[in-house]
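This report covers strand pairing and charged side-chain contacts. Please look over the sequence and the structure before reading on.

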Amino acid sequence: MFLMPVCAVPVVSGGGAAFTDDFNRADEDLTDSADWSVFANGTGVAGVVSNELNLEATSGTDRVYYVESIQEVDAYAECTVGQTNWSSFLVVRATSRTEWVGCRSGGAEYDLFYQDGGFTSVATGTAAPVIGDTMRIEISGNNARVLVNGVEDIGWTDISAGPPSTGDRVGFCGRASNTADDFEAGAL
């Protein structure tokens, strides 16, 4: 009898580079971290405070914090929600502080928006936000979706008419004082 050896080969979902930040470090401005940059205008800061991301209130869409190492049009971003009424946005396809696709936990449900010089609400989900939820946004081609704890809550299948289609930055847009933890982003 002939026996053939079996080798385990890891499979990477999405096929691209990934970035994670658990924010477990000394308090600092987020842009003091080597991996983070900002499209900025006006006031407001994002920082690591007590081992969490703390997004301070800003006026409008003054600041989009993004990961330097992820530059993918088809990408995902996710984080652990620190508050149920999370008015800041988890963003993908960012080209500037005024052009991106994003999601948030709006208090009673999760929301999908895009910013292209002005806010456009695209869809509202049915899941009620809970502190500790994992909120994830994915965008690939003309399809976007928001997942809550791994389950799709919002699906949008034709984004070609509105939001930016070529942005390749992922991160956060701070619009209110919110907290988040365990950020992850990567290519799809």
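Strands are DSSP runs (E, at least two residues), numbered from the N terminus, and two of them pair if DSSP finds at least two bridges between them.

Residues are numbered from 1 along each chain as its sequence is written. Because the model is predicted, local features need pLDDT of at least 70 and side-chain atom pairs count only at pLDDT 80 or more, while totals for chains, interfaces and linings use all residues; side-chain values use heavy atoms, with hydrogens and water left out.

## Two antiparallel pairs

Strand S8 (residues 85-96) runs antiparallel to strand S9 (residues 99-106), and 6 bridges join them. Leu90 has Cys103 in S9 as its bridge partner.

Strand S13 (residues 143-148) and strand S14 (residues 151-156) are also antiparallel, joined by 5 bridges. Leu147 is paired with Glu152 in S14. The hairpin of S13 and S14 has 2 residues between the strands, and Asn149 takes a positive phi near 55° there.

## Salt bridges

The whole structure contains 9 salt bridges, each defined as a side-chain nitrogen of Lys or Arg within 4 Å of a carboxyl oxygen of Asp or Glu. Arg25 takes part in a salt bridge with Asp21, with the closest N and O atoms 2.7 Å apart. Arg25 also forms a salt bridge with Glu28, where the closest N and O atoms are 2.6 Å apart. Arg25 is partly exposed at 26% relative accessible area, and Glu28 is partly exposed at 24%. Asp21, at 7% relative accessibility, is buried. The classes are buried under 20% relative accessible area, exposed over 50%, and partly exposed in between (1.4 Å probe, protein chains only).

Arg104 and Asp111 form a salt bridge through their side chains, at 3.5 Å from N to O. Asp111 is buried, at 5% relative accessible area. A network of salt bridges links Glu78, Arg136, Glu138, Arg145 and Glu152. Glu152 is also the bridge partner of Leu147.

Methods:
Helix = DSSP H or I, 4+ residues; strand = E, 2+ residues; numbered from the N terminus.
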